[in-house]
Amino acid sequence: MKKTTILTFAILGLMLGAFKNHSGGIYKTNTGNINFFSHTSIEDITADNHKVKTAFDASSGKIQFSALIKDFEFPKALMQEHFNENYMESTKFSKSTFSGIIENIAAVKTTVDGVYTSKVSGKLTIKDVTKEVSTMGTFTVKSSVVNTKATFTINPENYNIEIPKTVSGKISREIKITVDADYHHDH
Amino acid sequence: MVKRILIFFIVAYSPIVYAQNLDLLDDPEAAPVTEYAFATFKTNRVVNGHSVETVAKREFDFKISHRFGFVSGGFYDLFGLDQATMRIGGDYGITDNLNVGIGRSTVDKTYDGFVKYKFLKQSTGAKNIPVTAAWISHMGIATSKFTQPNRENQFSHRVHYTHQLLVARKFTEGLSVQLSPTLVHKNLVDSANLKNDILAVGIGVRQKLTNRTTLNLEYYYTLPSQLEENKTDVLSVGFDIETGGHVFQLFFTNSSGPFEKSFITDTKAKWLDGDIRFGFNIARVFNF
């Protein structure tokens with residue numbers, strides 16, 4: 001009986017160790033933020049998505065995002081409806097994803113507090129159109145939370161987002177996307 | 001024992017294998033979410049009558065509606081544009097689901113007000129609800145001079161009510177259908193043999209033509225032997241054109257009445273006689 005208990009503990013310990021070794025590199029959150037901002041002289045349009053799923057692998061540098069279009073919140077309800085209905089067609093194209101690589105992952109020490117930067121590049125998919133994007137990402141490690149911030153711009157017309165002539169002046173062709181996510185070690 | 005250890009290891013390692021082979025992200029299917037249908041109609045009117053749509057909290061939807069004279073008036077009347085009835089008013093969102101509205105129409109110089117509450121939202125996923133439903137109660141007060149000043153006229157004679165249950169389903173991205181059982185109550189009717197309560201049912205259909213334009217059809221059927229011989233049901237066909245902040249509703253109808261009691265129970269012109277009117281509603285949403 002005693003032998004079995006010891007053995008069980010030993011196995012459990014081994015398993016935990018094994019678990020740590022294998023998944024120790026994965027950092028995750030389901031509450032990442034993506035903001036977009038369109039500035040024109042007529043109107044500023046902004047929306048936030050606080051339910052972005054994202055994760056990165058601290059050993060390989062793989063980084064991924066998935067955002068539901070319906071989760072973008074606008075200050076005006078009507079804008080949100082038009083965003084979903086007219087521009088993003090979110091019933092048809094429910095999510096936007098990014099799959100890429102943190103190029104200099106070796107420099108990002110997720111276990112040591114500090115601020116690190118690395119180029120992040122990969123494939124961004126919006127409305128089933130996939131394009132290469134790259135930007136500089138800032139990784140701030142503080143008490144085992146890794147915060148990632150990045151900003152880049154996209155042209156909506158490159159992603160099959162039609163802008164009617166009547167509102168052409170109200171929507172920028174350089175929409176600023178800001179990513180901000182607090183990753184936790186995935187246990 | 002060895003077997004047991006083996007099982008332990010297999011069980012312990014399996015999620016890791018899973019995490020490595022599949023995406024880094026959590027399985028989106030793991031937690032089913034409720035997807036609510038939105039934009040069942042472009043605006044809170046189908047054509048004449050209300051749709052299940054409500055304006056959002058703290059938003060004011062300013063509405064101007066016109067119904068012109070008969071198109072059959074020809075060029076002399078500029079196809080009816082020489083005559084017009086109109087309503088000016090608006091809907092306000094106390095909450096996303098509770099709306100109130102007021103308006104003033106040229107027809108009988110009527111002031112109207114309503115309370116509308118959306119109590120069911122069509123959804124799929126974790127919560128499955130097949131329809132969106134709302135209740136709306138209108139009250140109207142005619143302020144034009146009494147036509148029979150010798151009769152004993154009371155203020156209550158000026159008042160009428162309309163209660164409606166609005167039930168709609170967005171069948172596809174383009175097609176929505178609404179049924180609207182309706183009760184119109186008039187405190188005063190023209191003669192003793194006429195009913196004070198009139199039952200009707202509205203049917204509304206909208207088909208999206210593009211993302212920003214829709215074709216709408218609306219018919220209110222009044223149950224038989226309730227209305228005078230010369231009254232008829234209202235049938236309307238129109239287009240919604242949404243431009244961002246505005247929705248333009250352009251339509252043809254046989255009613256000149258811009259509020260429920262008037263178009264459901266007071267319509268005299270018949271489509272079959274060619275007595276068709278052009279009309280429009282312009283809606284502009286303001287945020288507070």
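Helices (H or I, at least four residues) and strands (E, at least two) are DSSP runs, numbered from the N terminus. This is a predicted model, with pLDDT of at least 70 needed for local features and 80 or more for side-chain atom pairs, while totals for chains, interfaces and linings use all residues. Residues count from 1 along each chain as its sequence is written, and chains are lettered from A and ligands numbered from 1 in the order in which they are written.

**View 1. The barrel of chain B.** Twelve strands close up here, in the order β2-β3-β4-β5-β7-β8-β9-β10-β11-β12-β13-β14, with antiparallel pairing; two strands pair if DSSP finds at least two bridges between them. On average, neighbouring strands of this sheet are turned by 20° against each other, direction ignored (axes are lines fitted to C-alpha atoms, for helices over the stretch in contact, and angles run from 0 to 180 degrees between N-to-C directions).

View 2. Eight bridges hold β4 (residues 98–105) and β5 (residues 110–120) in an antiparallel pair. Pick out Asn99(B) and you'll find Lys116(B) as its bridge partner in β5(B). Most residues other than glycine have a negative phi. Why does Asp108(B) count as buried? Because it has 20 C-beta neighbours inside 10 Å; buried takes 20 or more other C-beta atoms within 10 Å of the residue's own, exposed 12 or fewer, and partly exposed lies in between, with C-beta atoms placed from the backbone.

**View 3. Ser225 in a loop of chain B.** Look between β11 (213–222) and β12 (234–242) for Ser225(B). Its phi is positive, about 45°, although Ser225(B) is not a glycine. Ser225(B) counts as exposed because it has 6 C-beta neighbours inside 10 Å.

View 4. Chain A has two helices and eight strands, following the pattern α-β-β-β-α-β-β-β-β-β along the sequence. Strands β5 (residues 114–126) and β6 (residues 129–142) run antiparallel, joined by 13 bridges, and Lys123(A) has Glu132(A) as its bridge partner in β6(A). Two residues lie between these strands, and in this hairpin Lys127(A) takes a positive phi near 50°. Next up, β6(A) also runs antiparallel to β7 (residues 145–154), through six bridges. Lys142(A) stands opposite Val145(A) in β7(A). This hairpin has two residues between its strands as well, and Ser143(A) takes a positive phi near 35°.
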